[in-house]
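Please consult the sequence and structure shown here alongside the text.

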Amino acid sequence: MDLKFWKLLGYLEEEYQNQKISWKQIIHPDDVHLENNFLNQFSKNEKTPFDLTFRFLHKNGSKIWLRLKGLAIPETNFNRKRMLGTYQNLTYVKQLEIQIDQNVSLLRNTQKIGRIGSWELDIKTNEVTWTEELYDMYGFDPNVPPPPYTEHMKLFTPESWEKLTTSLALTAEQGIPYELELKTIQKNGENGYMWVKGEAVFDENNKIVGLRGVAQDITEKKRNEIETEEITKYLNYALDASGDGIWDWTPHNGITIYSKAWVEMLGYKVGELKSLASEWSDRLHPDEIHWVFEEITKITQSPTNGDIFVHEYRFQHKDGNYLWILNRGKVVERNANGEAYRVVGTHTNITERKIAETQQKESELRLSLATRAGRVGVWDWDIVKNILTWDDQMFILYGVNRSDFSSAYDAWYNGVYEADRERGNKEIEMAIKGEKDFDTEFRILQPNGSLKSIRAIATIIRDQNGNALRMIGTNWDITLEKKLTSELIQAKEQSEKANLAKSEFLANMSHEIRTPLNGVIGFTELLKNTDLTPIQREYVDNANVSGYALLGIINDILDFSKIEAGMLTLEIIESDIIEIMENSIDIVKYGAEKKNLELLLDIDPKMHRHAMFDPIRIKQIFSNLLGNAVKFTQTGYVQLKVQYTELEKNIGKFAFYIIETGIGISKEEEEKLFKAFTQADSSTTRKYGGTGLGLIISQKIAEKMGSQIRIESKLGVGTTFYFEITTQVNHDKKFDKSKIQGINRCLVIDDNQKNCKILEQMLNQWDIESVSCESGKKALKILQVDPNFDVIICDYNMPELNGIETIELIQDQLKLSFQKYHWILIHSSSDDNELHEKAKEIGIKFHLSKPVKSKDLYFYLSNLHKETITDSLPDTYGKESTSQLSNLKGKVLKILIAEDVALNLKLLKTILTKKLKSVDFLEAKDGNEAIFHFKNNSPDIIFMDIQMPIVDGIEATKRIREIESNSNKHVPIIALTAGAVKEEGERSFEAGMDAFLTKPIISDKLDAILKYFLIK
């Protein structure tokens, strides 16, 4: 090693020449193993250079970091190797690295101590990011996303929330930064305080793409300020009378007079302190005693140092804390020796000022640390003298050496990328003129030729006349941010293309699968209405049921595919929730009756009938859950129940329950329920069938509605599925009770207690008193004691005595005539004609099928006193009678069918012929032919398939509507599609079609369309 090496380690020349100093003596003990590995490795690899860093020991014991670079060189003459290389002292660099790590740690600790958090919002994705400190300040779990708008609002008082949202809106719309102090509501109900500051984030086009900001919990500071203000207020009252705290000291005997304000300033009452100088000296802070006494003694011992002294020091309060006091004193009398005889002065509490100064210094320190840690460069341009000053980070950002910097405006201007110079210069000019804030982005050209994107903001300092004097601002590197933004935009565009492809695939798949099913279901429906032998009818029924079963599976698969593709959408409209529930229960009525299950419909009487739902999707949930309930229940009942809670004006919570007494589900199997293509276990799948998609689809729909389906179950007892939806409600019209006046009491006979409770609720909402019992014999006893009932509702299916036998027993035992009581018999819709005949014989003219619907019961109660009444209930919701179609059978209708599949064309012609009889059909295999027939044959109505060759149904409809635009004519066009996606329906209406029919065609829907468009 050369002489410099040994001097670097602190050795003199004679020391290392006369002593044998080994490597182990000078290498740090922790790095000895590195030295051994180094010698073994590189002495064997002659052509491999080495580059290693070791810690060496200085003679005085300190550590020296050296970087060794070199190569092992063989000496052929001596059959040995030697190592040749250089060394570099890295001690200073390593010390800087350690210092940087300490500074970063200090910044993090400062943020935690100072309770400062930050946030950022991406306006395009609406994604919000919070730092851990912000979660902690607001009291939220950092493992979950930031809270929604409604939860965040609860953290602030209404006034502060309005200030914050107004400022955020201005920042998002106009880029105006804000800085506010807000009043918060803490979890314990007390008020806190938050300092917030925010600004807009701009892209390269100066378009606002996001927001970001910081927040600091200043509750303690604010409370201290408030408390201090209160104290100051009371002190001011005292000072109005007597000024600051006043003292009067006689040094030779120590006697000191303290004013009331002086005493109270320290937390004491008048009379608690003695009139001695020790009351002052004993309260000085230990660190202040020596110098304060020394400074005062200089003045009091000799007039040569003057008579006035002013000091600031800490002074102990009664509570033990220290105040900062400004002490002003003056020697007013001296003795013959020049020593102070009498000294007077005042005490002013300057604690608040001292705290503010300390906080300002801490704030400046935090800012300095933050800019250094965040790699933010700070610059200061003296506009008048054209002197530009950069901090170290600015030189690093621009890749410029300090020695090459001219300290003039051109030094920055020349570093900006040429294409951005004029814009940047223009924005500075506008900022100086006061036309806009300086907040911009530009690119700079690095000395190595690469481009870097810079974000810059600045503020202008002006004189009293508004002239710009200085411009102070910051720069930071946003190159990576720009790159990520560009990548996100590209990823979003690719995702949108993929979703579009999925949507088109689903539409085509739906069309291709439903087209043949349309023929299977349609023709078997027609075949059922022909003369068939019993065995043929059984075969046809089985084929038809299988077709509908396959259609249900296909619908589930397509719905699931939509969900997986993220294309499930809701259409929220005003819906009659009672009608939806009644229709849903009707769907499973046949299956329940086959298994002798009781169906119960329990509707909360205080629930609003009309609310904002997607009626199709919520009915889909009911149908899936009720279908499963019937499938897995062998005995007992299935109940659809709703409970309603009013939350606020026009907002309510609906809790829906599907309850059954089926096989039940174990806790282990519950986890499998909402997974695609699974059921509780494989044996259940074999026994009951199904794809397992119904529950997962229902769960996804519920989640889309802001809810979640939950389950409570017990093996062998039954299961309850339930979910809640909060939505807007529309207040119903007041119920008209005039039609049931005079009906005051009702006896309910039903062995099912749940059904009794449901009937009691219905009657109670109409102010009808009810009494319930579970058997005919108990009903007889009740009537023997209290016969005053206006109507009796009796279930037919009861143990011991059925409904007919119960009525006969009561009439016989009480010697009643038919007219004594009005009877309403409840039974299953599948009960045979013999029941109806028997009921008629004993005077029963009212029958209700289960589950009882409130509108049906109300209809019968309002018609109790009529002599005769039709067996069928009226259509409450204004649906037209099917007999109206018969009015069209005498008229020859001209119907154009545009359909490229011959099978579907024939099927629709057959269905329409059976419904209308006198029809003149026009056939078109594509859109061009449909347009031709429209021009030349003037059809009354058009059925238009959407997917056809040459010109599809959408384009053909647009051309027909264009032709019609020159006349007052409007021919109804009905869309036909084997697709079932919502987008296809929207496209058809946008093109000008009047209605939408999916294949296979449902007879009732076709009837409704014919009635509406042809009868109208």
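## Basis of the report

The model is predicted.

Tyr409 lies in helix α15, which spans residues 409-413. Because its relative accessibility is 14%, and buried means under 20%, Tyr409 counts as buried.

Setting aside residues up to four places away in sequence, Tyr409 touches Trp381, Asn386, Asn425 and Ile428. Thr389 is 20 residues from Tyr409 in sequence, and their C-alpha atoms are 9.6 Å apart in space.

## The largest nonpolar core

In soluble globular proteins, nonpolar side chains tend to be buried together. The largest nonpolar core of this model holds 45 residues, of which Ile577, Met581, Ile618, Phe622, Phe654, Phe656 and Phe721 touch the most other members. Two or more residues each come from the helices α19 (577-587), α21 (615-631) and α24 (693-704), and from the strands β20 (598-603), β21 (610-613), β22 (637-648), β23 (651-660) and β25 (718-730). Helix α21 supplies the largest share, seven residues.

Met581 illustrates the contacts made by one of these core residues. Not counting residues up to four places away in sequence, Met581 touches Leu601, Ile603, Phe622, Leu640, Lys641, Val642 and Phe656.

## A second core

A separate core of 27 residues is also present, and its members include Ile758, Leu759, Met762 and Ile824.

Technical notes
Residues are numbered from 1 along each chain as its sequence is written. This is a predicted model: local features need pLDDT of at least 70, side-chain atom pairs count only at pLDDT 80 or more; totals for chains, interfaces and linings use all residues. Side-chain values use heavy atoms; hydrogens and water are left out. Helices (H or I, at least four residues) and strands (E, at least two) are DSSP runs, numbered from the N terminus. Buried means under 20% relative accessible area, exposed over 50%, partly exposed in between (1.4 Å probe, protein chains only). Contact means heavy atoms within 4.5 Å. A nonpolar core is a set of buried Ala, Val, Leu, Ile, Met, Phe, Trp, Tyr and Cys residues joined through side-chain atoms within 4.5 Å.
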